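Visitor: I would like to be guided through a protein chain step by step. Please begin with any term that I shall need.

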Amino acid sequence: MPYVNVKVAGELTKEQKEKIVEGITKVLEEVANKPPSATYVVIEEISRENWGKGGKLLSDK
């Protein structure tokens with residue numbers, strides 16, 4: 001049972017989330033022979049002020 005946790009900075013639309021879930025599920029089916037019914041994908045949207053890179057918050061860029 002694959003479990004994939006995707007973390008993104010900021011918010012995604014429902015359509016973007018659907019494409020991400022479909023794409024990850026398809027890759028696991030094609031590459032690892034995992035049935036779609038067994039694949040879980042969780043998308044976490046992290047506020048840009050709660051995520052840093054290069055010593056700065058993403059919200060400051």
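Guide: Accessible areas come from the Shrake-Rupley method with a 1.4 Å probe. Please keep in mind that the model shown here is predicted.

Visitor: What is the accessible surface of the protein chain, and what share of it belongs to carbon and sulfur atoms?

Guide: The accessible surface of the protein chain comes to about 4,800 Å². The share that belongs to carbon and sulfur atoms is 52%.

Visitor: Which pattern does the protein chain follow along the sequence?

Guide: The protein chain contains one helix and four strands. Read along the sequence, these elements give the pattern β-α-β-β-β.

Visitor: Is the chain compact or spread out, and what is its radius of gyration?

Guide: The C-alpha trace spans about 40 × 25 × 15 Å along its principal axes. For 61 residues the globule rule gives 10 Å, and the chain is well over that value, so it is more spread out than a compact globule. Its radius of gyration is 14 Å.

Visitor: What percentage of the residues is buried?

Guide: A residue is called buried when its relative accessible area is under 20%. Of the 61 residues in the protein chain, the buried ones make up 13%.

Visitor: Among contacts with a separation of 6 or more, what percentage comes from residues 24 or more positions apart?

Guide: The question concerns contacts between residues that are separated along the protein chain by 6 or more positions. Residues 24 or more positions apart account for a share of 63%.

Visitor: How many bridges join strand 1 to strand 2?

Guide: Strand 1 covers residues 3–9 and strand 2 covers residues 40–46, and the two run parallel. Within this pairing, Asn5 stands opposite Val42, and Lys7 has Glu44 as its bridge partner.

Visitor: Which handedness does the β-α-β unit have?

Guide: The unit is made of strand 1, helix 1 and strand 2, with helix 1 covering residues 14–32. Its handedness is right-handed.

Visitor: Is Leu12 buried, partly exposed or exposed?

Guide: Leu12 lies in the loop between strand 1 and helix 1. Because its relative accessibility is 23%, Leu12 counts as partly exposed.

Visitor: Which residues is Leu12 in contact with, leaving aside its neighbours within four places in sequence?

Guide: Glu44 is 32 residues from Leu12 along the chain, and their C-alpha atoms are separated by 9.7 Å. With neighbours within four places left aside, the residues in contact with Leu12 are Lys17, Ile20, Ile43 and Glu45.

Visitor: Which residue has its backbone oxygen 3.5 Å from a polar atom of the side chain of Thr39?

Guide: Thr39 is found in the loop between helix 1 and strand 2, and Thr39 is buried, with a relative accessible area of 12%. Beyond its neighbours within four places in sequence, Thr39 is in contact with Pro2, Thr25, Leu28 and Lys34. The backbone oxygen lying 3.5 Å from the polar side-chain atom of Thr39 belongs to Pro35.

Visitor: What is the phi of Asn33?

Guide: Asn33 is found in the loop between helix 1 and strand 2, and Asn33 is exposed, with a relative accessible area of 65%. Most residues other than glycine have a negative phi. Asn33 has a positive value, near 55°.

Visitor: What distance separates the C-alpha atoms of Ala9 and Arg48?

Guide: Ala9 lies in strand 1 and is partly exposed, with a relative accessible area of 28%. Not counting residues up to four places away in sequence, Ala9 touches Ile46, Arg48, Trp51 and Leu58. Although Ala9 and Arg48 are 39 residues apart along the chain, their C-alpha atoms are separated by 5.3 Å.

Visitor: Which residues is Gly52 in contact with, apart from its neighbours within four places in sequence?

Guide: Gly52 is found in strand 3, which covers residues 52–53, and counts as partly exposed at 47% relative accessibility. The C-alpha atoms of Gly52 and Ala9 are separated by 9.6 Å. Apart from neighbours within four places in sequence, the residues in contact with Gly52 are Leu57 and Leu58.

Conventions:
Residues numbered from 1 in each chain as written. Predicted model: local features only at pLDDT ≥ 70, side-chain atom pairs only at ≥ 80, totals over all residues. Heavy atoms only, no water. Pairing = 2+ DSSP bridges. Right-handed = clockwise from strand over helix to strand, strands pointing away. Rg over C-alpha atoms; globule rule 2.2 N^0.38 Å. Buried < 20%, exposed > 50% of the residue type's maximum accessible area, 1.4 Å probe, protein only. Contact = heavy atoms within 4.5 Å. Polar contact = N/O pair within 3.5 Å; in protein donor to acceptor, adjacent residues only side chain to side chain.
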